[in-house]
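Got a model open and wondering where the labels on it come from? Let's go through a few of them.

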Amino acid sequence: MFNKSDHAIPTFGELLNKVGRTDHIYRFPRANRIRKSNAEVMITEQIFDATISVFENGFVIYSCNKHETVTAVDRCASPVYAFSASTEEAKEGVGVAGCKCRIIRKKNGAILLSTIPEETFMQYPWYVPIVIACEARLDNNMESRERYHIKFHFNDDNYAGEFDL
């Protein structure tokens, strides 16, 4: 088990070998449920504005700027990036070098899903792929919240305002 007294920060590969697997779980539990469980915290690290807590069961709670998300260490091993591409670019397999690409066809073009190979992050510090995955999850959550944010105005300016559904 790792803790703050360890002088050597483990690599992601070492961390992946020490935590539990979560591939059998379809939906991540909420952060409060993980905190209340009897799972022990293996590592807690402050990186800039973010706090990362890795639990022995393989779950991660990532908190940044009053927002938090949950992910799992084993799901951070090979992140997937989605980006729009023209049909010609999709045929050419435009993507990041070394990535495996899948194409999803849309009416107005194509979406490329690039998956970074798992072995890419194994020798990196343990937090690098976790930060990448969690920042993407926070961005996705923020976009989702903004999609359901509605502005409304009554005839009287005293009652103008905004609300979330």
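Q: What order do the elements of the chain run in, from the N terminus on?
A: They go α-α-β-β-β-β-β-α-β-β-α-β-β. That comes to 4 helices and 9 strands. Keep in mind that this is a predicted model.

Q: Why are the rings of Phe 28 and Phe 59 called a pair, and what makes it edge-to-face?
A: The chain has 3 aromatic pairs by the rule used here. For Phe 28 and Phe 59, the ring centres are 6.0 Å apart, and the cut-off for pairing is within 6.5 Å, so they pair. Their planes sit at 85°; over 60 counts as edge-to-face, so that's the name this pair gets.

Q: What makes this a link between distant parts of the chain?
A: Phe 28 is in the loop between helix H1 (12–18) and helix H2 (31–36), while Phe 59 belongs to strand E3 (residues 59–64). The two are 31 residues apart.

Q: How do you know whether Phe 59 is buried or exposed?
A: Check its relative accessible area, which is 5%. Buried means under 20%, so Phe 59 is buried.

Q: Why is the pair of Phe 121 and Tyr 124 called edge-to-face?
A: Their ring centres lie 5.6 Å apart, with the planes at 70°. The centres are within 6.5 Å and the angle is over 60, so this pair is edge-to-face.

Q: Which label does each of these two residues get for burial, and why?
A: Phe 121 has a relative accessible area of 6%, which is under 20%, so Phe 121 is buried. Tyr 124 comes in at 40%; that's between 20% and 50%, so Tyr 124 counts as partly exposed.

Q: What makes up the lining of the largest pocket?
A: Ten names to click on: Tyr 26, Arg 27, Phe 28, Pro 29, Arg 30, Ala 31, Glu 68, Thr 69, Val 70 and Arg 137. By type, that's 5 nonpolar, 1 polar and 4 charged. Strand E4 (residues 67–72) gives the most, with 3 residues. The pocket's volume is about 390 Å³.

Q: Which residues are closest to the centre of the second largest pocket, and where does the largest share of its lining come from?
A: Of its 14 lining residues, Val 80, Ala 133, Ala 136, Arg 137 and Asn 140 are closest to the centre. H4 supplies the largest share, 7 residues. The lining divides into 7 nonpolar, 5 polar and 2 charged, around a space of about 310 Å³.

Terms used. Residues are numbered from 1 along each chain as its sequence is written. This is a predicted model: local features need pLDDT of at least 70, side-chain atom pairs count only at pLDDT 80 or more; totals for chains, interfaces and linings use all residues. Side-chain values use heavy atoms; hydrogens and water are left out. Rings of Phe, Tyr and Trp (its six-membered ring) pair if their centres lie within 6.5 Å; planes under 30 degrees apart count as stacked, over 60 as edge-to-face and the rest as tilted. Buried means under 20% relative accessible area, exposed over 50%, partly exposed in between (1.4 Å probe, protein chains only). On a 1 Å grid over the protein atoms alone, a cavity is a set of points where a 1.4 Å probe fits but cannot get out, and a pocket is an open set with protein on both sides within 12 Å along at least five of seven lines; lining residues have an atom within 4 Å of a point. Grid points are joined across faces, edges and corners, and a volume is the space filled by probe spheres set on the points. Ala, Val, Leu, Ile, Met, Phe, Trp, Tyr, Cys and Pro count as nonpolar, Asp, Glu, Lys and Arg as charged, and the others, Gly among them, as polar.
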